Amino acid sequence: MIGDHAFCPTSGASLSEESHYDERGVPQRAPATDDPVPLTTGGTRSSRRALLRYFRRCHRRHADPDGKLYGRASLALARLKRTANAREGRDEIVWYALGERLARHGFEVAWMHAHAEPRCPDCGGRLAFERGPSGLVAPCGLSCAHGGDRLDEIRGLVASLHERAFPDEPTPPTDDLHVL
């Protein structure tokens, strides 16, 4: 992910914090191989491993570690990443689809809101949230070529990815998504 929630797209290490160690003193940017971990400003499409590490780190800020939740998240992320096309493969879309999957299996996912922000599906820019006549709307803050509310399109991408990754489970209408 990019922005305030930036993490290394390869290792999942936080790029938004000054601290390079977690609460147990374990390095957050430790490479898994002999190759150095690239220090970037985050990416828009991270590896499954990086997203899972980010998920675990964020969850530990809100609750005690939960092996059952982490196992379910790992399996769901594998399916989501394998299924996602270029537009749906962005970290925040996969994150929201993961939250939808976990919520449908009875896990508390409200904490996931604090660790991702919707971005423009076309340019990746921040959204400008405004009150519209029928509720909250979010046009692209960079005024890219596609105007209008981007939240509906994001909801559609999340629902589409969830539906294709988990065809055995009916996908709710986009207004009923748990995480977004």
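Student: Over the ring of which residue does the charged end of Arg101 sit?

Tutor: First, a word on the source: this is a predicted model, in which local features need pLDDT of at least 70, side-chain atom pairs count only at pLDDT 80 or more, and totals for chains, interfaces and linings use all residues. Residues are numbered from 1 along each chain as its sequence is written, and side-chain values use heavy atoms, with hydrogens and water left out. A charge sits over a ring if NZ of Lys or CZ of Arg is within 6 Å of the ring centre and within 35 degrees of the ring normal. Here the ring belongs to Phe166, and the charged end of Arg101 lies 3.9 Å from its centre.

Student: Is Arg101 buried or exposed?

Tutor: Buried means under 20% relative accessible area, exposed over 50%, and partly exposed in between (1.4 Å probe, protein chains only). Arg101 has a relative accessible area of 9%, so it is buried. Arg101 belongs to helix 3; helices (H or I, at least four residues) and strands (E, at least two) are DSSP runs, numbered from the N terminus.

Student: Which side chain makes a polar contact with that of Arg101?

Tutor: A polar contact is a pair of N or O atoms within 3.5 Å; within protein, one must be able to donate a hydrogen and the other to accept it, and residues adjacent in sequence count only if both atoms are side-chain atoms. The partner is Glu169, at 2.6 Å.

Student: How many aromatic pairs are there?

Tutor: Rings of Phe, Tyr and Trp (its six-membered ring) pair if their centres lie within 6.5 Å; planes under 30 degrees apart count as stacked, over 60 as edge-to-face and the rest as tilted. This rule gives 5 aromatic pairs. In one of them, the ring centres of Phe55 and Trp95 are 5.9 Å apart and the planes stand at 65°, so the pair is edge-to-face. It links distant parts of the chain, with Phe55 in helix 1 and Trp95 in helix 3, 40 residues apart. Both Phe55 and Trp95 are buried.

Student: Why is the pair of Trp95 and Trp111 classed as edge-to-face?

Tutor: Their planes lie at 90°, with centres 6.3 Å apart, so the pair is edge-to-face. Trp111 is in the loop between helix 3 and strand 1 (130–132), 16 residues from Trp95. Tyr54, Phe55, Tyr70, Trp95 and Trp111 form one aromatic cluster.
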